[in-house]
Amino acid sequence: MASSGANVFRYSALALGIFYGFYHQSTITASEKLQEITREYERKSKLIDEAKAAYTKKTMPQSAKTAGGDSMYTLSVLFITDPMDPKFDLEAYLNLKQAGEK
């Protein structure tokens with residue numbers, strides 16, 4: 001028969017092993033859940049980008065779709081040129097004017 005000290009050591013090692021197993025499994029599960037959430041977010045982001053591109057293509061004026069259209073008109077349609085508009089982008093407007101001068 002084993003001594004009581006050996007039994008305490010065995011059961012302590014068993015308890016520590018079980019605790020480590022639960023901890024390790026929870027770490028793996030959390031990592032997998034995080035990866036799944038990241039993949040789902042990227043998938044949805046890609047779908048949104050594709051939908052935006054399709055909507056932009058659908059709503060673009062016919063003259064902007066053809067290569068023979070006026071390039072200045074095409075650029076001004078794509079950018080907001082009204083400075084009072086809340087979505088007005090000064091940098092894009094200045095780049096538009098600079099491209100028009102060339």
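**Exercise 1. Confidence.** State the mean pLDDT of the chain and the share of its residues that reach 70 or more, then find where confidence is lowest and where it is highest.

Solution. The pLDDT is the predictor's confidence in each residue, on a scale from 0 to 100. Its mean over the chain is 82, and 79% of the residues reach 70 or more. By element, the lowest confidence falls in helix 3 (residues 71-78), with a mean of 52, and the highest in helix 1, with 94. Over residues 67-73 the pLDDT is below 50, and beyond near neighbours in sequence this stretch has five contacts in the model; a contact means heavy atoms within 4.5 Å. This is a predicted model, in which local features need pLDDT of at least 70 and side-chain atom pairs count only at pLDDT 80 or more, while totals for chains, interfaces and linings use all residues. Residues are numbered from 1 along each chain as its sequence is written, and side-chain values use heavy atoms, with hydrogens and water left out.

**Exercise 2. Nonpolar patch.** Identify the residues that form a nonpolar patch on the surface, and classify Phe22 as buried or exposed.

Solution. Patches take residues with over 30% relative accessible area and no salt bridge, joining like charges within 9 Å and nonpolar side chains (Val, Leu, Ile, Met, Phe, Trp, Tyr) within 5 Å. Tyr11, Leu14, Ile18 and Phe22 make up the patch, with about 490 Å² of accessible area together. Phe22 belongs to helix 1 (residues 4-59). Its relative accessible area is 63%, so Phe22 is exposed.

**Exercise 3. Salt bridges.** List the salt bridges in the structure and locate Arg43 and Glu40 in the helix.

Solution. A salt bridge requires a side-chain nitrogen of Lys or Arg within 4 Å of a carboxyl oxygen of Asp or Glu. There are two salt bridges.

- Glu36 and Arg39 are joined at 2.7 Å, N to O. They are three residues apart in helix 1, so about one helical turn separates them. Glu36 is partly exposed at 40%, as is Arg39 at 46%.
- Arg43 and Glu40 are joined with their closest N and O atoms 2.7 Å apart. Both lie in helix 1, three residues apart, about one turn of the helix. Arg43 is partly exposed at 44%, and Glu40 is partly exposed at 27%.

**Exercise 4. Aromatic pair.** Describe the geometry of Phe88 and Tyr93.

Solution. Rings of Phe, Tyr and Trp (its six-membered ring) pair if their centres lie within 6.5 Å; planes under 30 degrees apart count as stacked, over 60 as edge-to-face and the rest as tilted. The structure has one aromatic pair. Phe88 and Tyr93 lie 5.6 Å apart, centre to centre, with 55° between the planes, and the pair is tilted. Phe88 is partly exposed at 22% relative accessible area, and Tyr93 is partly exposed at 24%.

Conventions. Accessible areas come from the Shrake-Rupley method with a 1.4 Å probe; for residues, only the protein chains shown count as cover. Helices (H or I, at least four residues) and strands (E, at least two) are DSSP runs, numbered from the N terminus. Buried means under 20% relative accessible area, exposed over 50%, partly exposed in between (1.4 Å probe, protein chains only).
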